[in-house]
Amino acid sequence: MADRSTAARIADAALAILHEEGADAVTMRRVAAATGITPMAIYKHYPNRRALLRTAADTAFADIGAAWDRPRPDDFTERCDSLMNDFLDFALGKPNLYAFLLAERRDEARRFPEDFADGASPTFAPVVALMNDGMREGILRRDDPLETALVITSHTQGLVQLYLAGRIGLSETDFRALCRRTVQRIFDGLKA
């Protein structure tokens, strides 16, 4: 039990550094100092930095999924806005974590389509479910819900990448409104 607690504290420290400074800042020495153990003690719980970062990523995705797992409005457009707001809150509020989880290359990252088709992604599965709902309710034309979700998420992620890189010169409020308008244009093209 003590080992598990120490492993969790190590992963939490890595996640905190990742959130504040990005993946490059997560070193065994930094994590050890934040946890109050020696760098060598980390290896008792994690064989290498990559394994530690994988655990931090899994923890972050689980936390995001838990935060997003809540009742949504009945109206399709309001559900879309609600999910997009959750995503934008995450991406804009935790840009280093967002970059590590969704924008940087990681060998352990989920791959489309096989890793997304089974609903294992806590950030993608709600969008696929929403697309399924929209198609079932006759709001969206029948299509592949997985690929339709990819259209919506990749568009929004692309806008976030541009915004975080300083390529979109809007306030956060105006940027969020831009996201809503452009996603609505996509939905207009997908309507039944």
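This is a predicted model: local features need pLDDT of at least 70, side-chain atom pairs count only at pLDDT 80 or more; totals for chains, interfaces and linings use all residues.
Buried area here is the accessible area (1.4 Å probe) that two parts lose on being put together, summed over both. On that count, domain 1 and domain 2 bury about 760 Å² between them.

- The chain splits into domain 1 (1-56) and domain 2 (70-189).
- Taken over C-alpha atoms, their centres sit 30 Å apart.
- Domain 1 puts 10 residues into the contact, and domain 2 puts in 8 residues.
- Carbon and sulfur atoms give 63% of the buried area between the domains.
- On the domain 1 side, Leu18, His19 and Arg50 lose the most area to domain 2, together making up 54% of what that side buries.

**Helix 9 against helix 10**
- The crossing of helix 9 past helix 10 is right-handed.
- From helix 9, the contact uses Thr148, Val151, Ile152, His155, Thr156, Leu159, Val160 and Tyr163.
- Helix 10 answers with Glu172, Phe175, Cys179, Thr182, Val183, Ile186, Phe187 and Leu190.
- Sorted by type, the residues of this helix 9 and helix 10 contact come out as 11 nonpolar, 4 polar and 1 charged.

Definitions and conventions
Residues are numbered from 1 along each chain as its sequence is written. Side-chain values use heavy atoms; hydrogens and water are left out. A crossing is left-handed if the near helix is turned anticlockwise from the far one by less than a right angle, and right-handed if clockwise. Helices (H or I, at least four residues) and strands (E, at least two) are DSSP runs, numbered from the N terminus. Contact means heavy atoms within 4.5 Å. Ala, Val, Leu, Ile, Met, Phe, Trp, Tyr, Cys and Pro count as nonpolar, Asp, Glu, Lys and Arg as charged, and the others, Gly among them, as polar. Domain bounds come from an automatic or database domain assignment.
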